[in-house]
Amino acid sequence: MEGIDVAKKHGDVYAWAFLLELAETCRFYKVVKVMLELGKALEVEAKDENSRAMKLLTVSKYLLTTFKLLSAGKLDYRVVDEVVNEILKSFDIVLRDVEDLKVLKDYVKGHVLRDRANVLRGIGRIYDAKRDLNWILKNCQKLKFDSED
Amino acid sequence: MILKIDSEDFFKPYGGKAEDKFKECLDVLIASTNYDLGIILRDLRKFKDARDRFESALKVYESKHFYNALKCKSFIKRIGILEGKDENFEDLFNEMERNKFRLDPETISLICAEYILSLVFSHPNQIDETLRSCEDRMSYKHRVLTEGVLSVFGFFDRRKAIKDLKEYDDEIKKGLNEVVERRVDFVENFGDLVMTELEGKGDFFLKDKAKYFGGLDNLKELVELAKKDRSKVFERVDLITTADSIHAFVRLLWLYLEGFKREAKILAQAESEYWKDRNPCLSWLFGEAAKEDKFKRAVIKLFYYHI
């Protein structure tokens, strides 16, 4: 579990990615608990714009994975509502942080909204999920790469 | 809209030329969004729109993402079934057989299950042999559902299907005991109060609560029943309390095969009511399953919805 300590201390995106991989592969309760704890460490500062964008993408995917583990019945049903609320709150924080990005904003936001839509669909809020997905189609299809700016 | 990237660093770690990687990543984001939207549109019973979304996703996936492409094709055919069409799954099955080393076990299991059931209408004489050849590759969930539906059509040993469906139901049910107790308690202790206080004033809250009991009329009936016989309330609440729609479908199949048709109808109606505002497709399918003359057709559709 060394990766967990690294992630906690530095918010390192690769450590997060490692945990994500671990949780998806192992699907065990302990990892879910640790991931939830890590979710609260969203305030960790990233050193530049790109690593910040990468961190937000990773956190978003972690939130979705936590939900998937949850809905796969790995947690007691009594804590489901509580944890889902935590997950949705964390998505709000991520989306707020995305707004501060100078570059890659819509690209990152698209990924975050897609992950949140999956969670919303999972809890039966399909109209909200549809709204998120339509936002992506409306705003991301037109994105173009421009390396000169 | 120009994506202002002041450096190529973000896409460089993906390897190759950053601009190509950006395009690839964006294409995948759009494709997966179309895929997810396809599922939602299916749930909203907008089948044509749903198919269009899966076809858009397929265009991107077909060249490089074989696994996702196969899942899109499967969804397109399953939507056809929901629309009442006869779909042939043989081509997908053969494609899976040719590429099985590139697929995960869950997808292999899915393709096997949807193919076996399609044989009911095309080549019933091939069911036994295909089932035997696929048995080891099918997940527990897919196997139980396939056997259950085949039994409804008389193509599988009924006793064996009942045993497996019951085992599945019992296993999930264990975690729901407390929920059932809580709901019975609600009917007994607060039902009357809630009815008199909220009816006409706060229908929204009442309806929201009533969805767990098969709708407002059923809740009223249960409140009345609670005054006479608690055990009857427990029986009814226990019957209609399920963990999710797959669990409800499993229980529905079990009740039907056991010959408890009245109970099967009550459960199907309760599920239809529960999903009304959350998933129009599921609400419609369970509603159809509650009608005796449409039960078998609904069961096929519920199968292709859930696998």
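This is a predicted model: local features need pLDDT of at least 70, side-chain atom pairs count only at pLDDT 80 or more; totals for chains, interfaces and linings use all residues.
Residues are numbered from 1 along each chain as its sequence is written, and chains are lettered from A in the order in which they are written. Local features need pLDDT of at least 70, and side-chain atom pairs count only at pLDDT 80 or more, whereas totals for chains, interfaces and linings use all residues.

B:Leu252 and B:Phe303 touch the most other members of the largest nonpolar core, which has 110 residues. Such a core joins buried Ala, Val, Leu, Ile, Met, Phe, Trp, Tyr and Cys residues through C-beta atoms within 7 Å; buried denotes 20 or more other C-beta atoms within 10 Å of the residue's own. The largest share of this core, 11 residues, comes from helix α4 (residues 49-74) of chain A.

I turn to a helix pair in chain B. Helices α5 (residues 105-122) and α6 (residues 127-134) of chain B pack at about 170 degrees, with axes 10 Å apart. They are therefore roughly antiparallel, a term for angles over 145 degrees. In α5(B), B:Cys112, B:Ile116, B:Leu119 and B:Val120 meet B:Ile127, B:Thr130, B:Leu131 and B:Cys134 of α6(B).

Finally, helix α6 (residues 105-122) of chain A has 18 residues, and 14 of them are buried. A:Gly124, which follows α6(A), has a positive phi, near 85 degrees.

Key: A residue is buried if 20 or more other C-beta atoms lie within 10 Å of its own, exposed if 12 or fewer, and partly exposed in between; C-beta atoms are placed from the backbone. Helices (H or I, at least four residues) and strands (E, at least two) are DSSP runs, numbered from the N terminus. Axes are lines fitted to C-alpha atoms, for helices over the stretch in contact, and angles run from 0 to 180 degrees between N-to-C directions. Angles under 35 degrees count as roughly parallel, over 145 as roughly antiparallel, 65 to 115 as roughly perpendicular and the rest as oblique. Two residues are in contact if their C-beta atoms, placed from the backbone, lie within 7 Å. The expected span of a helix is 1.5 Å times one less than its number of residues.
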